[in-house]
Amino acid sequence: MSMAMVGLLAGMALGFAGYFGGFGAFVLVAALGVIGFVAGRFLDGDLEPGDLFRSRDRDDRRR
């Protein structure tokens, strides 16, 4: 499935949630979609747990 099709399906799901459930349902569907996306990236191996929790090195902020 292409990324355009995935984007279309996600947009339609958010649109239906917003129309039928109001703003609260829209936010809930969007948040669950983000959680599902991150979980999918973990399962595919594209994202490591340390990528989200690693602190930045202070050497990068020299001025």
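Val29 is found in helix α1, where helices (H or I, at least four residues) and strands (E, at least two) are DSSP runs numbered from the N terminus. This is a predicted model, so local features need pLDDT of at least 70 and side-chain atom pairs count only at pLDDT 80 or more, while totals for chains, interfaces and linings use all residues. Residues are numbered from 1 along each chain as its sequence is written, and side-chain values use heavy atoms, with hydrogens and water left out.

Back to Val29: at 31% relative accessibility, Val29 counts as partly exposed (buried means under 20% relative accessible area, exposed over 50%, partly exposed in between, with a 1.4 Å probe and protein chains only). Leaving aside residues up to four places away in sequence, Val29 touches Ala13, Leu14 and Ala17, contact being heavy atoms within 4.5 Å. Val29 and Ala10 sit 19 residues apart along the chain, and 9.3 Å separates their C-alpha atoms.

Val29 also turns up in the lining of the largest pocket, together with Met3, Val6, Ala10, Ala13, Leu14, Ala30, Gly33, Val34 and Phe37. A pocket here is an open set of points on a 1 Å grid over the protein atoms alone, where a 1.4 Å probe fits, with protein on both sides within 12 Å along at least five of seven lines; lining residues have an atom within 4 Å of a point. The space in this largest pocket is about 250 Å³, a volume being the space filled by probe spheres set on the points. Its lining residues split into nine nonpolar, one polar and no charged; Gly is among those that count as polar, while Ala, Val, Leu, Met and Phe are among the nonpolar ones.

Then there are the rings. The structure holds three aromatic pairs. Phe16 and Phe20 have ring centres 6.0 Å apart and planes at 10°, so they are stacked (rings pair if their centres lie within 6.5 Å; planes under 30 degrees apart count as stacked, over 60 as edge-to-face and the rest as tilted). Tyr19 and Phe20 are edge-to-face, because their centres are 4.9 Å apart and their planes at 85°. Ring pairs link Phe16, Tyr19 and Phe20 into a cluster. Phe16 and Phe20 are both exposed, and Tyr19 is exposed too.

As for the whole chain, its secondary structure comes to two helices and zero strands. Buried residues make up 3% of its 63 residues.
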